[in-house]
Amino acid sequence: MAECDMEKESFVHPYIPNSVPEIKREMLRVIGAGGAHELYMEMIPERLLLGRPMDLPEPILSELDLRRHVESILSRNKSTDEYVSYLGAGCWRHYVPKVCEEIAGRSEFLTAYAGGSHSDLGRYQANFEFQSLICELLGMEVSGIPTYDWGSAAGNAVRMAVRLTGRREVLVPQNVSPARLSIIRNFCDSASQTSRIEVRLVDYDPATGMVDLTDLESKLSEDTAAVYFENPNYLGVIEAEGAAVSDAAHDCGAECVCGVDPISLGVLAAPADYGVDIACGEAQPLGIHMHAGGGSCGFIASRDEERYVAEYPLRLVCVADTAVEGEYGFGQALYERTSYIARENAKDWVGTTTALWGIAAAVYMSLLGPQGMRELGETILQKSHYAAARLDELEGARVPFKTFFKEFPVAFDRPVDEVNEALLGHGIIGGKDEALLGHGIIGGKDLSAEYPELGDAALYCVTEVHSLGVMDGLAAALREVLA
Amino acid sequence: MKVREYHAPRWSEPIIHELSTRGERGFIPPRAEPKVRAKVGPAEGLIPEAMRRRSAPGLPELSQAQVLRHYLRLSQMTLGMEMEIDLGVGTCTMKYSPKVNEELAALIADVHPLQPEETMQGVLEIAYEFGDVFLREISGMDAFTYQPPGGSAGCYNNALIMRKYHRDNGEPERDEVVTTIFSHPCDAATPATAGFKVITLYPNPETGLPSTEALKEAVGPRTAGIFVTNPEDTGIFNKNIDEWTGIVHDAGGLCSYDQANANAILGVTRAREAGFDMLFFNLHKTFSSPHGSSGPGSAAVGVTSDLEEYLPVPVIVKRDGAYRLDYDRPKSIGKVRDFMGNLQVVLRSYAWCMAMGARGLREAAEASMINNQYLAEKVKRIKGVSLPFTGRRLDQARWSLEKLKEETGVGVADVNRRIVDYGVQSMFTSHHPWLVPEPFTPEPCETYSKADIDYWCAALETVCEEAYSDPELVKAAPHRSSNHRVVFDGFDDPERWAMSWRAYKRKRGKD
């Protein structure tokens, strides 16, 4: 049998200490078994054994060769370091301070998992500090270990509101992210005919990009569990009437749930200040690289009221006392709500989510402090408005919404895929940054399928990483492309 | 073997807010250039008045070295897997994550997930080939997605596929799923989130497994499918698993295999031969990506060709030698997470598999399994320890300290606080309910040497001996960890719990 043949040949692998034949023999002697195959036969019926070696590539045993192999494949990528990118739409390029990388790369945090609260005191405290710091930005008092991404956080938050109110309908304006809306719809759908949550869409004002309050009010009813909106919304627009949205929700006895980009919160009002009951959002901008989408890190926060806390699916790290006066310890609040205890009766589920990114975000918020968050918000506002103004001046381009943070749609007089293709092959002309000459531009995300009413529009994202030179370069390149 | 006189770092580190000094700065962001400012004016004017921040967020103010020092101290007070013999944390497969893979994963740090496909061929190739070359052969499944960003999310993904499949087949009344109590809690909680009624099978007290008869009684015209872990959390492999999938299929249901911990069966037994329609692996467990203090991890969901069209969008496909993102999937369940999931995790797992090959993967499985038999020989000799149920365990085993508790008053919670004094992480006990009293679940995967296992067993044995000779010593533990025993009992008390510094200050009257 193949299994027996494989056992005979030695194969010492650097990741497997007990692959050394003498050691294996000694262990088998202690066990009182002849070999692995014999032991497997005791546990797994023969009909279910694969019975042949797997057909896989030969291993690359040298680390140097492995590195070359992977690097060679990855050299076919172009990163936003090489190209100038204007993509956002849920994942954004911001500068990541080196200290964030240093801490997120620390062996202890990188490789810890489910240890005890004494032996992993530092992990618990870092989790608690993430909760504390994000709460300061949001004006809230409770948060938990972050979840997968903004969309999952919004899905959980909406379901919290449904359980809180006992109602089964949520109102969502059409200016939220379509990807997040798809995630929310999955969370709201149900295999049970009677427990489905209805998602009703609300218009947005085509003139401003903001929630259409009249339409919202006409759809609010005693069936409404929650209004979920985003600020800034997917189209980048600041929801100036956020307080009116939450007032309208509250007037109907509904919860107000709002998703935010926390990097805006040095300059934008805290959601708690305009009546939001449950805040959620995406922490990736706070010191986490994009990782081709792998940097996502969703959070949920609320006031410190028992009725909210009882509905969280997340692990909620709680500060505690120890046997020594003045010393901090940690544990988990209302742990029995979680799926680890309550299984199918839990509040949704919790699992391995994004704790490491939460720690990186805690470092980021600690580094920037109140002044850094304000200045960064100002920089992003000014730069994104500068870029928008430059593009709006171009023949064949128009920026429809004027009140935005970081992202804004640009409507062109020709299809976005044509514009983007031309930009990608375009060396920056007229830019002051000589180093960028000859490199392509990755244009904004094509909105024409998701938002046909905006015409041939793309969602542009401008952050602190975009210099005056590259923004002027974009305007020059677009002038040429649109000519 | 002598146990070490370990002592954890104990910095008595304050909460970061307590380290704040007004005016200090850790980082200065870039400012807009004068020409930019001249064109758009002050930032405040760009925000509608009602949405301007009125008061600065209550973030701490620290210089850069002070922030770094604080978090370095916190990291030191964390007993990460790389620091110690982490085989006590079973069901989690705390294996070594090769350091070189960290550098390789960082190569996609600045790639945006919505870039044009032609600028992402490298990362798309790795993701596609990892499924097509490795996972297809390892599992026998046909098509893969990594969009679910964790194991439980993979299980949820499969519940959504099950829901849509039956609806599309005109059988929306199928709203019940079956699981077993020793399957991971996600096998119950995520189908429940998707709206399914969950029927849980309990084990025979002798074998540790539910009977096949119990499954037959549980299925019927409302059965949507089964979600089962195998080997179960107990380390026991269900030998009738192919008969089980046959029963569920005969009843019209689908079968989802929880292979989060497939470490001891790589190249040994597969989902396809066991009759499953879909599965998920945890790439942060079996496939070596680091656990990250609890994420980011990743599921790899595999499905048979019959279910491929239900995968979440986009699906990474290969056409004419190029890798593409396919959104045109009318039957897709839509999205379970934004973008394509945690591709840096997939990248690490790809690199790990390339370094292993077929023989290395099989060797990892065998070493894990043999390690567990060896560990069992040593643990079963420790006074106070017992092993419920009969038969060999594959990758891990759920042991009990019930006897120790009865004879000394020292239970697993006490042992777990004491074992850390010997430089060994607290053991994983069990998911709930604790059918095995005072449980612990070691999983000595292939990373651990014979000497590692000997040390770990010596540490456990030392603590158990202490329980008999000096139980108060164990109950008062830890003595050499980063802090002392938590005595707080307000975790369920709204008046006293505090999940943020601002709540803590308010509740303790420190404002």
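**View 1. The surroundings of B:I16, a buried residue in a predicted model.** With 26 C-beta neighbours inside 10 Å, B:I16 counts as buried, because 20 or more such neighbours are enough for that label. The structure shown here and in every other view is a predicted model. Look for B:I16 in the segment that comes before helix α1 (34-40) of chain B. Leaving aside residues up to four places away in sequence, B:I16 touches B:P60 and B:H70 from chain B, and A:E129 and A:S366 from chain A. For a sense of scale, follow the chain to B:C186: this residue is 170 residues from B:I16 in sequence, and their C-alpha atoms are 34 Å apart in space.

**View 2. The open sheet of chain B.** Here 7 strands of chain B line up in the order β1-β7-β6-β5-β4-β2-β3, forming an open sheet with mixed pairing. At the edges stand β1 (143-145) and β3 (197-201) of chain B; each has a single partner strand, so one side of each is left without a neighbour in the sheet. From one strand to the next, the twist averages 20°.

View 3. Strand β4 (residues 223-229) of chain B pairs with strand β5 (residues 254-259) of chain B in the parallel sense, over 5 bridges. A handy landmark is B:G225, which stands opposite B:L254 in β5(B). Helix α4 (residues 121-139) of chain B packs on the sheet, where it touches β1, β6 (278-282) and β7 (299-303) of chain B. The direction of α4(B) makes about 70° with that of β7(B). Helix α8 (residues 241-250) of chain B lies across β4 and β5 of chain B, and it runs at about 165° to β4(B).

**View 4. A right-handed β-α-β unit in chain A.** Three elements of chain A make up this unit: β3(A), helix α9 (residues 178-188) and β4(A), with a right-handed sense. Its strands, β3 (residues 169-173) and β4 (residues 198-202) of chain A, pair in the parallel sense over 5 bridges.

**View 5. Where chain B meets chain A.** In this contact region, 185 residues of chain B are in contact with 188 residues of chain A. Which helix gives the most to the chain B side? Helix α9 (residues 343-379) of chain B does, with 23 residues. By residue type, the side of chain B that touches chain A divides into 99 nonpolar, 50 polar and 36 charged residues.

**View 6. The domains of the two chains.** Chain A is divided into domain 1 (1-76), domain 2 (84-91 + 370-482) and domain 3 (98-365). Between the C-alpha centres of domain 1 and domain 3 of chain A there are 44 Å. Chain B is divided into domain 1 (16-48 + 59-83), domain 2 (117-355) and domain 3 (358-475), and the C-alpha centres of domain 1 and domain 2 of chain B lie 41 Å apart.

**View 7. Chain A as a whole.** Stepping back, you will find 16 helices and 15 strands in chain A. The C-alpha trace of chain A spans about 80 × 55 × 50 Å along its principal axes. Of the 483 residues in chain A, 64% are buried.

Note on methods: Residues numbered from 1 in each chain as written. Chains lettered and ligands numbered in written order. Predicted model: local features only at pLDDT ≥ 70, side-chain atom pairs only at ≥ 80, totals over all residues. Helix = DSSP H or I, 4+ residues; strand = E, 2+ residues; numbered from the N terminus. Buried ≥ 20, exposed ≤ 12 C-beta atoms within 10 Å, placed from the backbone. Pairing = 2+ DSSP bridges. Right-handed = clockwise from strand over helix to strand, strands pointing away. Axes fitted to C-alpha atoms, helices over the stretch in contact; angles between N-to-C directions. Contact = placed C-beta atoms within 7 Å. Nonpolar A, V, L, I, M, F, W, Y, C, P; charged D, E, K, R; others polar. Domains from an automatic or database assignment.
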